[in-house]
Amino acid sequence: MAQSKGKQIASILVVDDHRLVRDVLSAGLEAALPGVRVDTAKDLAGALEHIERRSGTDVILLDYNLPDVHGTMAISRMRGAAREAKIIVLSAYVRKSMLAEIEMAGANGAVSKDIGMQELRGRILEVFEGGRHFAAPEPEE
């Protein structure tokens, strides 16, 4: 289990509709956070089913665009199902205009899919410790 300031992360759920993203994040996180169980789901329905079956998910990495729900609705639904979990939104395009909505919907952070594994590890630990991290947005167009 990954320890950070006395707390331990036991379980992470990666929710993304792209299998390669799920597989790479799962393998990378297992290497970066030894002892942490990493589970995956391809959509919101699968994520909610996982939460119902397995209590105690500590961190949820949630894709902003899923096939069965989009954006803040996904965050709100996950927050309702996993009240104690830290939710970090993953998006290929983090825009300044969406950060306030993501936070209001109940996320603890948002990061771009353009970061490396060690940076993601740091963000996960930061948020797990109670911090909030909303990635620097790309310039508005």
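The model is predicted, so local features need pLDDT of at least 70 and side-chain atom pairs count only at pLDDT 80 or more, while totals for chains, interfaces and linings use all residues. Residues are numbered from 1 along each chain as its sequence is written, and side-chain values use heavy atoms, with hydrogens and water left out. The protein chain holds five helices and ten strands. Helices (H or I, at least four residues) and strands (E, at least two) are DSSP runs, numbered from the N terminus.

**Overall shape**

- A compact globule of 141 residues would have a radius of gyration near 14 Å, and the protein chain agrees, with 14 Å. The radius is taken over C-alpha atoms, and the globule rule is 2.2 Å times the number of residues to the power 0.38.
- Along the principal axes, the C-alpha atoms fill a box of roughly 40 × 30 × 30 Å.
- Of the 141 residues, 48% count as buried. Buried means under 20% relative accessible area, exposed over 50%, and partly exposed in between (1.4 Å probe, protein chains only).
- Take the contacts between residues at least 6 apart in sequence: 69% of them join residues at least 24 apart. Contact means heavy atoms within 4.5 Å.

**The sheet**

- Six strands form an open sheet with parallel pairing, in the order β4-β3-β5-β8-β9-β10. Two strands pair if DSSP finds at least two bridges between them.
- The edges are β4 (37-41) and β10 (133-134), each of which pairs on one side only.
- Strands β5 (residues 59-63) and β8 (residues 86-91) are parallel and share five bridges. Across this pair, L61 stands opposite I88, and D63 stands opposite L90.
- Strands β8 and β9 also run parallel, joined by four bridges. Here V89 has A110 as its bridge partner, and L90 stands opposite V111.
- Strand β8 is mostly covered, with five of its six residues buried.
- In β9, G109 and V111 point one way, A110 and S112 point the other way, and all are buried.

**Helix packing**

- Two packed helices are described by the angle between their axes and the distance between the axes. Axes are lines fitted to C-alpha atoms, for helices over the stretch in contact, and angles run from 0 to 180 degrees between N-to-C directions.
- Helix α2 (residues 44-53) packs on helix α3 (residues 72-81) at about 10°, with the axes 10 Å apart. That makes α2 roughly parallel to α3. Angles under 35 degrees count as roughly parallel, over 145 as roughly antiparallel, 65 to 115 as roughly perpendicular and the rest as oblique.
- L44, A47, L48 and I51 of α2 make this contact with A74, R77, M78 and A81 of α3.
- Helix α1 (residues 19-32) packs on α5 at about 70°, with the axes 10 Å apart. That makes α1 roughly perpendicular to α5.
- On the α1 side, the contact uses V24, L25, G28, L29 and A32; on the α5 side, it uses M117, Q118, L120, R121 and I124.
- Helix α5 (residues 117-128) lies across β3 (11-15), β5, β8, β9 (109-112) and β10, and it runs at about 150° to β8.

**Buried residue L120**

- L120 sits in helix α5. Its relative accessible area is 5%, so L120 is buried.
- Not counting residues up to four places away in sequence, L120 touches L25, L29, L61, V111 and I115.
- L120 and S26 are 94 residues apart in sequence, yet their C-alpha atoms are 12 Å apart in space.

**Buried residue A82**

- A82 lies in the loop between α3 and β8. Its relative accessible area is 8%, so A82 is buried.
- A82 touches I51 and I60, again not counting residues up to four places away in sequence.
- A82 and I51 are 31 residues apart along the chain, and 6.8 Å separates their C-alpha atoms.
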